Amino acid sequence: MFDPLYVASGFGVGLLVGMTGVGGGSLMTPLLILLFGVHPSTAVGTDLLYAAATKTGGSVVHGWARSVHWPAVLRLACGSIPASAVTLLVLWKLDLRSDSERSLINLVLCFALLLTATSLIFRKSIMERYRGRLEQVDERTTAIATVVTGVVLGVLVSISSVGAGAVGVTVLLLLYPRLPMATIVGSDIAHAVPLTLVAGIGHWALGDVDWALMGVLLMGSLPGIIVGSYSATRVPETVLRLTLASVLFVVAGKIMFAELDLSSAFVTALAWTH
């Protein structure tokens with residue numbers, strides 16, 4: 001299934017990930033659903049393992065550069081890995097019908113995209129407002145808050161494959177205000193690797209991974225990430241963030257309207273049968 005459009009999409013997403021540091025899930029999953037008509041559960045499962053593969057390289061680079069705060073990574077993982085396992089178990093037990101599963105994933109995906117876009121736009125003002133206050137918080141409270149953040153990310157990422165990027169970075173900036181930005185990003189990427197891997201393997205067990213599709217996407221995205229990382233310093237960071245946030249708002253709106261259309265069509269069909 002070598003399709004140049006899939007390779008080009010992988011390159012485009014990789015380019016943006018390299019330039020912004022935001023996880024590919026917030027771009028790749030909606031792209032697969034809206035542009036290529038892939039079923040949401042297959043899009044999520046494929047994207048999770050795709051993210052695990054792409055972020056492994058990033059985490060190795062950050063680890064080598066000593067820009068990973070391992071205590072924060074371990075705390076996040078203590079919350080996210082069990083939460084991911086429980087979420088996948090619930091999805092398996094519910095054995096949702098195709099339409100129900102589609103609706104659940106689309107709704108959680110919309111929420112995660114809006115949360116990501118909001119955190120991209122308002123990150124600076126949130127930091128200015130709360131950073132000083134959070135610097136006074138004791139270590140134990142920070143540790144507990146980090147584990148709770150991990151739980152939320154574990155649920156969000158397991159259902160929608162979105163949330164580990166911009167949302168994770170924003171929360172880590174608030175919880176660890178003394179850490180440099182490079183270490184925050186490195187820690188977020190390092191945590192995303194085990195989370196996406198566990199969630200991706202869970203979706204694979206549920207039959208929601210298209211390996212051929214993942215391979216084609218990786219062919220485009222790996223060069224894209226390299227080019228994007230190189231170009232990141234040449235484009236103003238604010239422009240990048242606002243552009244990406246705008247795209248995410250539009251995508252969330254499209255998915256939501258498509259979901260509302262499906263729901264109204266279902267209600268109409270139900271009314272006709274009665």
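A: We can begin with one stretch of chain: residues 72-92 are 100% helix and 0% strand, and their end C-alpha atoms lie 30 Å apart. Helices (H or I, at least four residues) and strands (E, at least two) are DSSP runs, numbered from the N terminus. This is a predicted model, in which local features need pLDDT of at least 70 and side-chain atom pairs count only at pLDDT 80 or more, while totals for chains, interfaces and linings use all residues. Residues are numbered from 1 along each chain as its sequence is written, and side-chain values use heavy atoms, with hydrogens and water left out.

Q: Which residues does UniProt list as "transmembrane region"?
A: The unreviewed UniProt entry lists several stretches under that name, including 72-92 and 188-206. Such annotations may be inferred rather than shown by experiment, and the positions follow the numbering used here, with feature names shortened. Over residues 188-206 the chain is 95% helix and 0% strand, with the end C-alpha atoms 27 Å apart.

Q: How many helices and strands does the chain have?
A: The chain has 10 helices and 0 strands. Of its 274 residues, 48% are buried, where buried means under 20% relative accessible area, exposed over 50%, and partly exposed in between (1.4 Å probe, protein chains only). A contact means heavy atoms within 4.5 Å. Among contacts with a separation of 6 or more, 86% join residues 24 or more positions apart.

Q: How many salt bridges are there?
A: Side chains of opposite charge can pair when their charged atoms come close. The rule for a salt bridge is a side-chain nitrogen of Lys or Arg within 4 Å of a carboxyl oxygen of Asp or Glu. By this rule the count is 1. Glu 139 pairs with Arg 75, with the closest N and O atoms 2.7 Å apart. Glu 139 is in helix H6 and Arg 75 in helix H4 (residues 70-94), so the pair ties together parts 64 residues apart in sequence. Glu 139 is exposed, at 51% relative accessible area, whereas Arg 75 counts as buried at 18%.

Q: What is the nearest side chain of opposite charge to Asp 188?
A: Lys and Arg count as positive and Asp and Glu as negative; His and the chain ends are not counted. For Asp 188 the nearest opposite charge is Lys 55, 5.3 Å away, and Asp 188 is buried yet has no salt bridge. Asp 188 sits in helix H8 (residues 181-205). Leaving out residues up to four places away in sequence, Asp 188 touches Ala 164, Gly 165, Gly 168, Val 169 and Leu 172.

Q: What is the phi of Ser 161?
A: Most residues other than glycine have a negative phi. Ser 161 has a positive phi, near 70 degrees. Ser 161 lies in the loop between helix H6 (139-160) and helix H7 (166-175), and counts as buried at 9% relative accessibility.

Q: Which residues make the nonpolar surface patch?
A: Patches are made of residues with over 30% relative accessible area and no salt bridge; like charges are joined within 9 Å, and nonpolar side chains (Val, Leu, Ile, Met, Phe, Trp, Tyr) within 5 Å. Here Leu 107, Met 256, Phe 257 and Leu 260 make a patch of about 390 Å². Helix H10 (residues 237-273) gives the largest share, 3 residues.

Key: Accessible areas come from the Shrake-Rupley method with a 1.4 Å probe; for residues, only the protein chains shown count as cover.
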